[in-house]
Amino acid sequence: MSRYHSMPFDCKVYVGDLGSHASTHDLEQAFGYYGPLKNVWVARNPPGFAFVEFDDPRDAEDAVRALDGRTICGVHARVELSTGRSRRRFAPPPMRRPFDPDDHCFECGMRGHYAYDCTYRGRRTRRYSSRSRSRSRPYVLTS
């Protein structure tokens, strides 16, 4: 287990939306006012967030209440108690609708499966009308 995850999460504060120029010294100055700090870690790749660990969970709560939305390191930072879980960057894919045996496949027209499961995919024949597909105009004879 890494040293950053060894303490309870109620003492750990997440600082987000920091930008790339945040320094450990600036965060120590901003958060040190609320109580003794155990550790300050600033992300460098990708930049923009940090974790600040307090000795006392009450100090962490006070810092969150006072500093959330305030200017830290020149930007309006988001300050929250850490949950210990990483955030998802992308939303999960949408759920497919439940299978209904009466639905028809758009590829072959048969019941019992959807187009993405169709075994006839790509074999569909096109029906063309009997008209000529030529764009040239027919010759008109004048006498």
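Val 13 has its bridge partner in strand E6, and that partner is Leu 81. This is a predicted model, so please take what follows as computed from the prediction. In total, four bridges join E1 to E6, which covers residues 78-81, and the two strands run antiparallel.

Lys 12, for example, has Glu 53 of E3 as its bridge partner.

Now the whole sheet. What is the order of the strands? It is E2-E3-E1-E6, an open sheet of four strands with antiparallel pairing. Strand E2, residues 37-44, and E6 stand at the edges with a single partner strand each, so one side of each has no neighbour in the sheet. From one strand to the next, the twist averages 20 degrees.

Two helices go with this sheet. Helix H1, residues 24-32, lies across E1, E2, E3 and E6, and runs at about 140 degrees to E2. Helix H2, residues 57-67, packs on the sheet and touches E1, E3 and E6, with its direction at about 150 degrees to that of E6.

Back to E1, residues 12-16. Is it buried or exposed? Mostly covered: five of its five residues are buried. In a regular strand the side chains alternate between the two faces of the sheet. In E1, Lys 12, Tyr 14 and Gly 16 point one way, Val 13 and Val 15 point the other way, and all are buried.

For the chain overall, there are two helices and six strands, and along the sequence the pattern reads β-α-β-β-α-β-β-β. Of its 143 residues, 25% count as buried. The accessible surface comes to about 11700 Å², with 51% of that belonging to carbon and sulfur atoms. If we take contacts between residues at least 6 apart in sequence, 47% join residues at least 24 apart.

Last, the cysteines. Cys 11, by contrast, is buried, with a relative accessible area of 5%.

Conventions
Residues numbered from 1 in each chain as written. Predicted model: local features only at pLDDT ≥ 70, side-chain atom pairs only at ≥ 80, totals over all residues. Heavy atoms only, no water. Buried < 20%, exposed > 50% of the residue type's maximum accessible area, 1.4 Å probe, protein only. Contact = heavy atoms within 4.5 Å. Areas by Shrake-Rupley, 256 points an atom, 1.4 Å probe, with all protein chains shown as cover. Pairing = 2+ DSSP bridges. Axes fitted to C-alpha atoms, helices over the stretch in contact; angles between N-to-C directions.
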